There are 2 protein chains.
Amino acid sequence: VLIDRLAALLPGPADPAREVWVGDDAAVVARPAGPLLLAADAVVAGVHADLELVGLDDLGWKAVAVNVSDLAAMGGRPTHALITLAGPLAEVDIDLLYQGVMAAADTYGCPVVGGDLSRAPGLVLAVAVAGDGAGREPLVRRSGARPGDTVFVTGALGASAGGLALLRCGRGGEAPDLVEAHRRPKARLGAGMAARRLGATAMIDVSDGLAIDLSRLAAASGVGLVIDHVPVAPGVEKAGPDPEALALGGGEDYELVFSAPGPVEAVEDGFAAAGLPPPVAIGRCTVDPAERVLRGGPLPMAGWEHTW
Amino acid sequence: VLIDRLAALLPGPADPAREVWVGDDAAVVARPAGPLLLAADAVVAGVHADLELVGLDDLGWKAVAVNVSDLAAMGGRPTHALITLAGPLAEVDIDLLYQGVMAAADTYGCPVVGGDLSRAPGLVLAVAVAGDGAGREPLVRRSGARPGDTVFVTGALGASAGGLALLRCGRGGEAPDLVEAHRRPKARLGAGMAARRLGATAMIDVSDGLAIDLSRLAAASGVGLVIDHVPVAPGVEKAGPDPEALALGGGEDYELVFSAPGPVEAVEDGFAAAGLPPPVAIGRCTVDPAERVLRGGPLPMAGWEHTW
């Protein structure tokens, strides 16, 4: 049956005497060296992925990557993934979907050790990841930002939203990098760990949009925000007349935004020393918890709307 | 929004300085004392739960209980749960569903520390659990049964299938115990840990039917099966003319079947000493891996059919 074919596809543990992956009632794996990290996020066809525009393999990749991104946003790293696929299985190319799942699991070092398969009316790929929070510095929550901290983002924004906009009007060929950013979002694992080592006080990944996600961080921390600058990914101008709006509200870039005290150069140099692109200082945290300012005006709050 | 209301409903960690549960990018919890156990199983409305016959709270309970049962079948215990709910959220009584989730999480000691909520065409409740495999004896796989081992089941079977059959013809009132067994299946955590301590060589939970699940254990272990006796739960005769068929093929009882060498009395006494009902010896493992015998005839293989 299907589940056996799938089990044959998935790699097994290096030490089968000590670990159990797919094929028993539960997986048995080594415990983490530090605190246990756990996250779960689902990708639903038609809600988080339009299968007219992206492949099932892209959907599989994304479901793993968004979970890894959640651990990256704490400064942790993933160790194992559980994959639950519910949907009209007879109509779904499960091999293709799993190609994307396994590519992401391989890229981010979190082998698939278990999961479930079931019929359901719509395609839901529910992923859970376990991770390891080992490290000298504390894991980075959303709530630790302090007035005076600099706000950084690990890269330019708007590429995923720009790619989606171009795909929707059949112009994906004009900007392959943007399309790739939409189809295969990257989790910034290395950047998250670097930010933690370098003293980040709060961190979140940009899944719903910079303005919304940064506001969540500010609200959890009880600080205000004054943003001077929004780095827009190259090429986003091809997708529409207001590239900054896509960068602010598009979401799904999975760059990390974090706050850190002290000199900006120390953080930039720390990223460079780790071989990572320099994070961009975009503003600062302020005392008034209600303040949300972009270059003197209000920070526009458009972004991914949860429609329920 | 919904996710904030849910977060307010769910209990938080005893030590918020060390642990993060719902509300950040990922949960941060204490690592297990032994190996990390991981399992994921989904309950889909219309596939694993008929909402004409059971409540949303029952569906929520079941989704957690079946995951806990997977850990019980290794001889482990759960520590944390992740709950991903995808469905037509505007039409779903999420509070009621979570009442069942939280009742099970509380009963089995695995607080909900994270998850996801999303729109989807059909209701899918995808649960993942983390657990702790600490203990002197090895965790119990499906593959360790040896010829000569006795086969035990931790309790009588057929109650859930009987309850469902009665509910389907509007006769649930005739057998409240069977209906309860169907609506609120129990995970046999204590029995799984006892079987492990007492030297169980292989174990599986009865989710799809005794005959099918026991055959999986035998196939993984490379042994044959000679079954003498199928304990039928009291009252199953009310549900149909062949109660043993419901006990053999009905599934969803979540009793554990396990193999163990040595005298039957040692296992029975060990369960009694732990304050648990005695397991029932139902047969033995044999040398011929193709043998599947029930009282001299072939073991009937009817049971839960995965329809994909």
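**View 1. B:D24 sits in the loop between α1 (2-9) and β1 (27-29) of chain B.** Helices (H or I, at least four residues) and strands (E, at least two) are DSSP runs, numbered from the N terminus. The model is predicted: local features need pLDDT of at least 70, side-chain atom pairs count only at pLDDT 80 or more, and totals for chains, interfaces and linings use all residues. Residues are numbered from 1 along each chain as its sequence is written, chains are lettered from A and ligands numbered from 1 in the order in which they are written, and side-chain values use heavy atoms, with hydrogens and water left out. With a relative accessibility of 15%, B:D24 counts as buried (under 20% relative accessible area; exposed is over 50% and partly exposed in between, with a 1.4 Å probe and protein chains only). Residues up to four places away in sequence aside, B:D24 touches A:M74, A:R141 and A:R142, where contact means heavy atoms within 4.5 Å. A polar atom of the B:D24 side chain lies 2.9 Å from the backbone nitrogen of A:R142.

**View 2. Chains A and B are related by a rotation of 180°.** This rotation, with 0.0 Å of shift along its axis, superposes chain A on chain B with an RMSD of 0.0 Å. That is the relation of a two-fold axis. Copies are superposed by least squares on the C-alpha atoms of residues with pLDDT of at least 70 in both. Of the interface residues of chain A, 100% are also interface residues in chain B, so the copies meet through the same surface.

**View 3. Helices α4 (residues 159-168) and α5 (residues 176-183) of chain A cross at roughly 105°.** Their axes come within 7 Å; axes are lines fitted to C-alpha atoms, for helices over the stretch in contact, and angles run from 0 to 180 degrees between N-to-C directions. α4(A) and α5(A) are therefore roughly perpendicular to each other (65 to 115 degrees; under 35 is roughly parallel, over 145 roughly antiparallel and the rest oblique). Residues of α4(A) in the contact include A:L164 and A:L167, and those of α5(A) include A:L178 and A:V179.

**View 4. A:A156 lies in the loop between β6 (150-153) and α4 of chain A.** At 30% relative accessibility, A:A156 counts as partly exposed. Beyond its neighbours within four places in sequence, A:A156 is in contact with A:P231, A:V232, A:A233 and A:E255.

**View 5. Helix α6 (residues 189-197) of chain B has buried residues, among them B:L189 and B:A191.** The buried residues of α6(B) pack against elements of chain B including α2 (56-72), β3 (77-87) and α9 (264-273). Just after α6(B), B:G199 takes a positive phi of about 90°.

Terms used:
A polar contact is a pair of N or O atoms within 3.5 Å; within protein, one must be able to donate a hydrogen and the other to accept it, and residues adjacent in sequence count only if both atoms are side-chain atoms.
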